[in-house]
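Hi,

Here is the structure I promised to pass on. Have a look first, and my notes on its charged pairs follow below.

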Amino acid sequence: MKKSRVVIILISLIVLILSNVGYADAGGDVYVVPIKGEINKATYNFLNNTMSKLIKENPAAIIFEIDTYGGLINEAEKIKSLIMSSSIPTISYVNSKAESAGVLITIASEKVVMANSATIGSAETIPNTEKVLSMWRGLLRDTAQYRNRNPEVIEAMADKDIEIEGLVTRGKLVNLTSSEAVEYGIADLSTDSYREILDYFNLDNANIQRIDEGLQIKLAKYISNPYISSLLLTLGFVGLVIEILTPGFGIGGTISIIGFGLYFGGNILAGNSHWTSLVLFVTGLILLVIEAIMPGFGLPGISGIILVIVGTVLAMDSLGVALFSLSIAIIITTIVTIILIKMGFKSKMLNKIVLDTEHKDERGYLSVDSMNQYIDKEGISITELRPAGFIEIEGMKLDALSDGGFIPKDTTIKVVRVEGSKIFVRRL
């Protein structure tokens, strides 16, 4: 009987200890990996490469330092799977905010820690359609249940129709402070100290090693943002138009090269595309130049337009985002082109395909035959003028208009004025 009691007490102590201890000290270092800014393909590529390298270091744990407003759902899902499949113990540390897609990434780790002033929540999808929201809620719920987090609270971060008594009313999204996150079972600890995190999860003997995002990754994440990509694409096209409308190579060409270079370079670095998209785009531009030099409009021009569009679209990871960026760039470029042409900017290249020859009266060009030689001359009406009819002057039959009412046939008339091809007469 005494032995049974001793066994029960020992088992209880072991369970109690395990419930308060996160990880046993594995003897390796703890690596802090940042997840900051927009969640996109560059973020996933950075984390995937980093975690592949860290496995060789045999770390005691990885702390994901999270500060994000969210980003692309599909990339967040890939990051979630990357974290959950890791053999390395994982800790999410929200040091500022984890919103939208950042919520899914945060709860994907085995342990969650909040900085004292951090927040987590507001995970509504854009677009917020029933289909997308249902998928997103299921993904959050599944992850929360797997990591033993409060699934109802997590879902309420994404769906404003969920009401939780004492926490949120219908029509509002859940956004928790650090203390609330601990209270409602979303986080394990609230602290601003990395040392306290290590002590809490029994990693007090480990050294902290920080992994920083390189300049290449930071640049790729920034440029691959859809709004920045749209701006760069617009600069590229506008610069190209300016270069065409101004003689020589100057600021327009420089702006165009920088805009297109950053657009394609950033998306290639982010992993959204490969060099194929840039090759297609440049080939399209070359064909358009050939078309501009040659008379008419044929196969090179059509092929060039298609290749420019295809290359631009392929440079981005999302077809919808690519078409949005391309549409914005085309609209703005069209407006700028119209303004520049109205300001007097002209191109020798465009002059070859645009008819700009003018025939002016001052140079002796008239749109119709002049009738000025008949002013003040007399003749006879050979028909009635009501007010139009025919007259005869010096043996010439002419169309005429009465300038003073009805004129009978065989009446002597006089030309009083001429307006273009119209002759006005009065009876004598």
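Let's start with Lys377, which is partly exposed at 27% relative accessibility (buried means under 20% relative accessible area, exposed over 50%, partly exposed in between, with a 1.4 Å probe and protein chains only). Helices (H or I, at least four residues) and strands (E, at least two) are DSSP runs, numbered from the N terminus.

A word on the source: this is a predicted model, where local features need pLDDT of at least 70 and side-chain atom pairs count only at pLDDT 80 or more, while totals for chains, interfaces and linings use all residues. Residues are numbered from 1 along each chain as its sequence is written, and side-chain values use heavy atoms, leaving out hydrogens and water.

How many salt bridges does the structure hold? There are 14. Another one joins Arg137 and Asp159 at 2.7 Å, N to O. Arg137 sits in helix H5 (residues 130-146), and Asp159 in the loop between helix H6 (151-156) and strand S6 (175-177). Asp159 is buried at 8%, whereas Arg137 is partly exposed at 25%.

Cheers

Notes. Salt bridge = Lys/Arg side-chain N within 4 Å of Asp/Glu carboxyl O.
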